[in-house]
Amino acid sequence: MDQLRLRLLGFISVELQGEELQEQLPAKALALLIYLAVTAETQTRGTLAGLLWSDFPEHRARGNLRDTLAQLRRTELAPYLQIERRTVSFNGGAPYRLDTAEFQKGTRHDDDPSTLTKAAALYQGEFMAGFSIPKAALFEEWLAVQRQDMHLSAVETLARLVDCLLNAAKYEAGIAHAHHLLRLDPWREEAYRNLMLLHLLNGDHNAALKQYDSCRQILEDELGVAPSGETQTLYHNICKQLDDQIAAGALPDAPS
């Protein structure tokens with residue numbers, strides 16, 4: 001059996017035998033397949049009917065579920081579903097890859113930069129970005145929780161990765177991942193401090209000072225607060241180092 005590949009972070013891709021299938025599936029069939037794969041649990045038919053047809057009477061919801069399962073049975077994805085009289089589940093024994101499962105596994109490694117880097121690379125954007133099921137309130141609630149949880153996991157993973165790279169003196173990689181972190185969480189002051197330190201240790205005082213300016217501006221504009229004392233102390237220490245270099249005749253590029 002060929003391996004099924006499900007990509008859900010930043011975009012949706014359902015690939016089997018080199019063919020993209022997501023555009024061929026009705027939205028609720030796609031949602032059903034993804035829900036079963038991500039939860040990796042046996043679900044009752046009543047639960048699934050209520051999840052995807054929560055605004056419908058029960059008899060209609062169950063009928064719609066039967067029709068959707070019949071649609072999936074007629075596709076190449078049939079071997080990945082275990083459909084019983086009362087329950088439905090994803091066949092985890094068939095060969096498949098699921099980016100959210102790989103991402104979540106990688107985020108549990110606190111001190112392995114290589115594993116954390118791979119996990120961060122898997123997070124290409126919001127879980128099932130742009131996908132929505134009208135009149136399926138329970139599915140939409142589940143979707144919102146998954147999006148928030150995975151976003152927070154990505155932020156924390158990147159924060160740990162930046163710390164690891166800073167401690168390992170891998171400054172260029174640390175800088176790149178700190179910028180990625182700030183794209184996901186632009187108000188994270190600790191990330192600005194780490195970025196200042198990374199630039200400083202990489203020999204670029206001016207870039208470090210620019211990060212302080214960026215931090216100060218976004219905190220003022222968005223939250224109406226000033227940088228913390230810790231951030232301001234780091235800024236003044238960088239300024240002092242720069243002044244000392246100038247006094248000693250080691251003239252870096254003038255700050256812009």
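This is a predicted model: local features need pLDDT of at least 70, side-chain atom pairs count only at pLDDT 80 or more; totals for chains, interfaces and linings use all residues.
Local features need pLDDT of at least 70 and side-chain atom pairs pLDDT 80 or more, while totals for chains, interfaces and linings use all residues. Residues are numbered from 1 along each chain as its sequence is written, and side-chain values use heavy atoms, with hydrogens and water left out.

Biologist: Is leucine 4 buried or exposed?

Modeller: Leucine 4 lies in strand β1 (residues 4-7), where strands are DSSP runs of E with at least two residues, and helices runs of H or I with at least four, numbered from the N terminus. Buried means under 20% relative accessible area, exposed over 50% and partly exposed in between, with a 1.4 Å probe and protein chains only. Because its relative accessibility is 0%, leucine 4 counts as buried.

Biologist: At what angle do helix α4 and helix α5 pack?

Modeller: Contact, meaning heavy atoms within 4.5 Å, brings Asp99, Glu102, Phe103 and Gly106 of α4 to Thr115, Leu116, Ala119 and Leu122 of α5. Axes are lines fitted to C-alpha atoms, for helices over the stretch in contact, and angles run from 0 to 180 degrees between N-to-C directions. With axes 8 Å apart, α4 (residues 99-106) and α5 (residues 113-122) pack at about 145°.

Biologist: Which residue in β6 is the bridge partner of glutamine 43?

Modeller: Two strands pair if DSSP finds at least two bridges between them, and three strands form an open antiparallel sheet in the order β4-β6-β5. Strand β4 and strand β6 (residues 87-90) pair over two bridges. In β6, the partner of glutamine 43 is valine 88.
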